[in-house]
Amino acid sequence: MNIVRNYVNELRQYAGKRLYGYVLLMLLISVLDMITLYMLIPLLSLIGVFGGSTGSLPFAQLFEPLKGLPLVTSLAIVLGLYSVLTIVQGFMQRQQAIVGAEIQQGFIKSLRLRVYRSIMRSNWTFFLRKRKSDLSHMLTTELARVSQGTNLVLMLATSILFTVLQIGFAMVISVKMTLIVLIGGGLLALYSRRFVRKSKAYGDRMTELSQDYFSGIQENLNGIKDIKSNMLEASHFNWFRNMANRLEYNLIQQVRLNSMTQLIYKLISVVFIIGFIVLSAQVFQLQPERSVLIILIFARLWPRFSGIQSYLEYISALIPAFHALSKLQKECQQSEESYRPVAHGTGPVQPLQDGIRCTDVTFHYNEGHAAALQQINLFIPAGQMTAIAGRSGAGKSTLIDLLMGLMEPQQGAVEVDGQRLTGERLLSWRNSIGYVAQEPFLFHSSIRDNLLLVKPDATEDDLWEALEFAACDEFVRRLPEGLDTIIGDRGVRLSGGERQRVVLARAILRKPEVLILDEATSSLDTENEAKVQAALDKLKGRITLIVIAHRLSTIRNADQVVVVDDGRIVQMGEFGQLSRETKGTFHQLLGYQNAAQ
Ligand SMILES: Nc1ncnc2c1ncn2[C@@H]1O[C@H](COP(=O)(O)OP(=O)(O)OP(=O)(O)O)[C@@H](O)[C@H]1O
């Protein structure tokens, strides 16, 4: 129930005055509806039905003047009035539809922006916990369901208002008859609550199923090369078919439920109408014009009434989507970065003076699981090159992530120039870093756009200087449109080595205080690696370099090599010195590599 209240509150807060405008239009349309309905009686009376009498109806005196007029004139007046009212009502309905759509779309846009902003402001640990496909699912399918729900809520409100007004009108015609209908309707609504609950259960199931469907498709498409090369198409198609069957089953069950309640309402409406006619004529002995009017009212009201039930069921099925989005926003808020993000290039930058220090740092990805890093004590001096080496899974990338302030250690501290990495200091620290990840990421856009992303005001010369640094100027010149060549989805049209070099150029373009390379040259051939190596050597002393390298030859010139094994620092020192420690891990790693070459 809370979630419904939250939803309505959010909708009210967003729509503000427009919501009142919408309600006012609803009210006017319903009133006009009643008037046009009421006008049918004098019309029928004029053509001789009810023996020309409407005297027993409320407001009947309004039609008295018509009686003295010739039939054609009075008919023309009534029909003219009827047409004008219907046309005005039509215009109002159009306006109501537009305002409704504005409220619905505007609300969804604001929700979409809020959810996406919350996701963007979340810290790295949040993304480690979440499946990316779940986030895409929230921003697409679940938002679309909430949008659909918003439309239904507005329609439900319209139906409720219409129903209340028509019931009020019916009361004026016959209190007893209306009370009978109300009691019947009330009992039916009570009985129908079970259908609403069942529909909510289908909605919950739909959220789960569509989440699995979405993540499955995304994973399969990401791994399509493996699937094809290992002939796994058939088993993946089976998974897909199974998923499609479950989605189909769930939706059909929901429609079965909804159509069942509609059928019950229809059957009951037949009983009501028959009972009504018998009661009005035989028991309450209503005048024919009153009977016709009240039957007309309820005949039109009943579909609305059953519509309310139908809306309630569909809305209940869509509530889980809003719940899931609210939960996601809450999670994001709990994982919010300690600083407010700023536009790229506008944030503070603080030069690294002394260095980065880790004191007794211990980090677990999951509570209760083995630590990925334990008791790390390390100092990375400013302006020097520090290399991190170790076996696969030793904890090198985890250490880098902690140094960048992407994650916080559960024990110990990471300090930059003696300051903890929180709030403004974290912002200025991140702003000072150029980072090249293991799997370099490029947008589907031109090379120029990919570079300008980090420094929009870079000149042509700046761009080429960065490309030259990363040893990719030659291959970019050879591309059909040079810098303006569009590179495919995540840069797939470039080779692994070319991608790495463009990303390195992008990182260097910012002229960062600290350059962090996580196996950033692993896909380069020997010639290009030597070029990048020479360029990095030139940077020594000017910026702080932190490098993870599998190929140990690339860190020969490092000022300091840190060897990590099983989450601990096992050796630390200068390259030559470590290679001479014959019992050490580093010597072993060197031995494996020499043997492999
Ligand atoms: N997101 C994660 N959740 C849980 N455990 C993780 C996660 N990322 C890494 N680990 C674990 O932490 C340990 C260190 O991983 P890390 O990626 O830091 O190693 P690495 O030395 O960089 O390895 P590689 O050279 O293969 O990239 C590994 O045991 C790994 O399984």
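Axes are lines fitted to C-alpha atoms, for helices over the stretch in contact, and angles between N-to-C directions run from 0 to 180 degrees. Helices (H or I, at least four residues) are DSSP runs, numbered from the N terminus. The model is predicted, with local features needing pLDDT of at least 70 and side-chain atom pairs counting only at pLDDT 80 or more, while totals for chains, interfaces and linings use all residues. Residues are numbered from 1 along each chain as its sequence is written.

**View 1. Helix α1 (residues 2-15) crosses helix α3 (residues 71-120) at roughly 105°, and their axes come within 10 Å.** Because angles of 65 to 115 degrees count as roughly perpendicular, α1 is described as roughly perpendicular to α3. The contact, for which C-beta atoms placed from the backbone must lie within 7 Å, is made by L11, Y14 and A15 of α1 together with I103, G106, F107 and S110 of α3. By class, this contact of α1 with α3 has five nonpolar, two polar and no charged residues, where Ala, Val, Leu, Ile, Met, Phe, Trp, Tyr, Cys and Pro count as nonpolar, Asp, Glu, Lys and Arg as charged, and the others, Gly among them, as polar.

**View 2. S110 is found in helix α3.** S110 counts as partly exposed because it has 14 C-beta neighbours inside 10 Å; a residue is buried with 20 or more such neighbours, exposed with 12 or fewer, and partly exposed in between. Although S110 and Y14 are 96 residues apart in sequence, they are 8.0 Å apart in space, C-alpha to C-alpha.

**View 3. Helix α13 (residues 460-469) packs with helix α15 (residues 496-509) at an angle of about 125°, with their axes 8 Å apart.** The two helices α13 and α15 are therefore oblique to each other. On the α13 side the contact is made by D462, A466, L467 and F469, and on the α15 side by A505, I508 and L509. By class, the contact of α13 with α15 has six nonpolar, no polar and one charged residues.

**View 4. The largest nonpolar core has 75 residues.** Such a core is a set of buried Ala, Val, Leu, Ile, Met, Phe, Trp, Tyr and Cys residues joined through C-beta atoms within 7 Å. Those with the most contacts inside this core are A389, A470, A505, V547 and V561, and its largest share, seven residues, comes from α15. V547 touches M385, A387, L517, I555 and A558, not counting residues up to four places away in sequence. A second, separate core of 45 residues includes F305, I308, Y311 and L318.

Note on methods: Parallel < 35°, antiparallel > 145°, perpendicular 65-115°, else oblique. Contact = placed C-beta atoms within 7 Å.
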